Amino acid sequence: MPRSLNTHARSTVLWGLAAFLCAQFGLNVAMDRWRAEVRDPEFAFRLQRLQKRMAAERQRPLIVMLGSSRTAMGVRPEALPAEFAESPTAPLVFNFGVTGAGPVQQLLYLHRLLAAGVRPRFLFVEVMPILMFREHEEEVAAVQRGGLRDLAVLHRYCDDPAWPYFQWCHLRAAPWYSFRFFFLERFAPSWVPWESRQSLWWDGLDAFGWVRYPRDTVTADELERAKVYGRLHYLATMRNGHIQATPDRALREILDLCRRHGIATALYVMPEGTEFASWYSTASRDEFDGYLAGLRRGYAVPVIDARDWIADAGFVEYQHLLATGAAEFTERFGREVLTPLLHDKLAASGKIDRRANPD
């Protein structure tokens with residue numbers, strides 16, 4: 001090969017490599033500074049909607065429901081009692097439920113909300129038994145969704161404090177590959193199998209953060225498959241559950257952080273279907289109930305236990321609520337929890353019991 005062609009080929013390869021590296025670096029910078037929806041679309045699109053609501057209704061005190069996908073599909077602010085829509089000074093209730101978010105990710109999201117200037121008057125924090133029974137459930141997702149600032153908090157919740165930094169660098173070495181499914185779902189959704197799509201959790205958001213299940217009913221076959229899946233993935237944890245140190249520490253840090261920022265806080269447990277609830281052993285259920293009671297006493301926070309609020313017909317698969325179940329749950333939550341809150345009864349009582357209306 002002539003020397004000139006050899007030099008030209010080498011130059012082309014080097015320029016191509018430089019362009020590739022610049023593209024990877026540029027995407028990393030963009031994800032951390034301007035385009036957070038690439039790495040964590042659920043959080044980013046929820047924050048956009050929340051900020052839009054806050055700008056439009058500045059006079060209304062803000063209540064944020066911080067939770068998991070159970071919250072995302074179960075808290076439907078438009079179904080609150082009429083006084084919340086009719087009164088210009090009634091609280092603005094926003095659903096900030098994110099898939100798989102337990103105490104560790106909730107803590108990261110609270111830090112992000114505060115950094116974005118969002119300081120709710122009242123923060124409701126979901127407590128899910130399954131996630132309290134698992135020691136390291138959330139860290140992998142938290143690394144993928146997180147920015148560098150998140151790692152400063154996350155590393156304190158890992159057995160090896162260096163692990164999240166190593167994993168983050170591994171993901172960010174080729175972000176166009178690591179986050180390819182986001183780009184495919186945005187620009188070529190037909191290339192992503194339906195069962196692998198995650199865009200429901202951000203494209204389906206309404207103005208108040210609620211995600212509607214695509215259908216209004218489920219079939220008996222779907223329920224049976226959900227039962228088999230649930231028993232495979234959750235039964236052992238629920239039968240032998242013990243409160244683990246990592247989620248407990250993260251939840252306490254959330255409560256401490258809210259206290260420092262003057263944010264009133266309450267804890268809540270979302271509804272569960274009877275089939276799902278039957279998988280808990282008596283010992284596991286008692287331990288979880290005792291744990292909630294300890295937090296209520298120690299932090300003087302209200303605890304709303306709504307596990308038995310909704311009949312089975314309101315569920316997708318014994319955990320997540322259909323639109324009808326979400327409407328029923330939210331209306332009751334507004335009537336039994338938020339309305340007393342408006343009259344300062346919730347803060348005074350210290351607890352809302354699931355068996356009785358405090359009024």
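Let's start with Ala300, which counts as exposed at 61% relative accessibility; exposed means over 50% relative accessible area, buried under 20%, and partly exposed in between, with a 1.4 Å probe and protein chains only. Ala300 is in the loop between α16 (282-299) and β5 (303-305). Helices (H or I, at least four residues) and strands (E, at least two) are DSSP runs, numbered from the N terminus. Phi of Ala300 is near 55°, a positive value in a residue other than glycine. Most residues other than glycine have a negative phi.

Tyr318 is another non-glycine residue with a positive phi, about 75°. Its loop runs between β5 and α17 (323-342). Is Tyr318 buried or exposed? Tyr318 is buried, with a relative accessible area of 10%.

Before we go on, a word about what we are looking at. This is a predicted model, where local features need pLDDT of at least 70, side-chain atom pairs count only at pLDDT 80 or more, and totals for chains, interfaces and linings use all residues. Residues are numbered from 1 along each chain as its sequence is written, and side-chain values use heavy atoms, with hydrogens and water left out.

pLDDT is the predictor's confidence in each residue, from 0 to 100. The protein chain has a mean pLDDT of 85, and 83% of its residues reach 70 or more. Over residues 346-359 pLDDT stays under 50, and there the model has 32 contacts beyond four places in sequence; contact means heavy atoms within 4.5 Å. Where pLDDT is low, the predicted coordinates should not be read in detail.

Now the whole chain. There are 18 helices and 5 strands, and buried residues make up 52% of the 359 residues. Of the contacts with a separation of 6 or more, 79% are between residues 24 or more positions apart.

Let's look at some helices packing together. Helix α5 (residues 103-115) and helix α14 (residues 245-260) pack at an angle of about 25°, with their axes 8 Å apart. Axes are lines fitted to C-alpha atoms, for helices over the stretch in contact, and angles run from 0 to 180 degrees between N-to-C directions. That makes α5 roughly parallel to α14; angles under 35 degrees count as roughly parallel, over 145 as roughly antiparallel, 65 to 115 as roughly perpendicular and the rest as oblique. Residues making the contact include Leu107 and Leu110 of α5, and Leu251 and Ile254 of α14.

Helix α5 also packs with α2 (residues 41-56), at an angle of about 40° and with the axes 12 Å apart. That makes α2 oblique to α5. Here the contact is made by Phe43, Leu47 and Leu50 of α2 with Tyr109, Arg112 and Leu113 of α5.

My last stop is helix α9 (residues 163-172). Which residues of α9 are buried? They are Pro164, Trp168, Leu171 and Arg172. Seen down the axis of α9, these buried residues fall within an arc of 90°, so they line one face of the helix; the arc is that of the directions from the helix axis to the C-beta atoms. The face turned away from the buried side carries the exposed residues Phe166 and His170. An α-helix has 3.6 residues a turn, so residues three or four places apart point the same way.

Leu148 lies in helix α8 and is partly exposed, at 48% relative accessibility.
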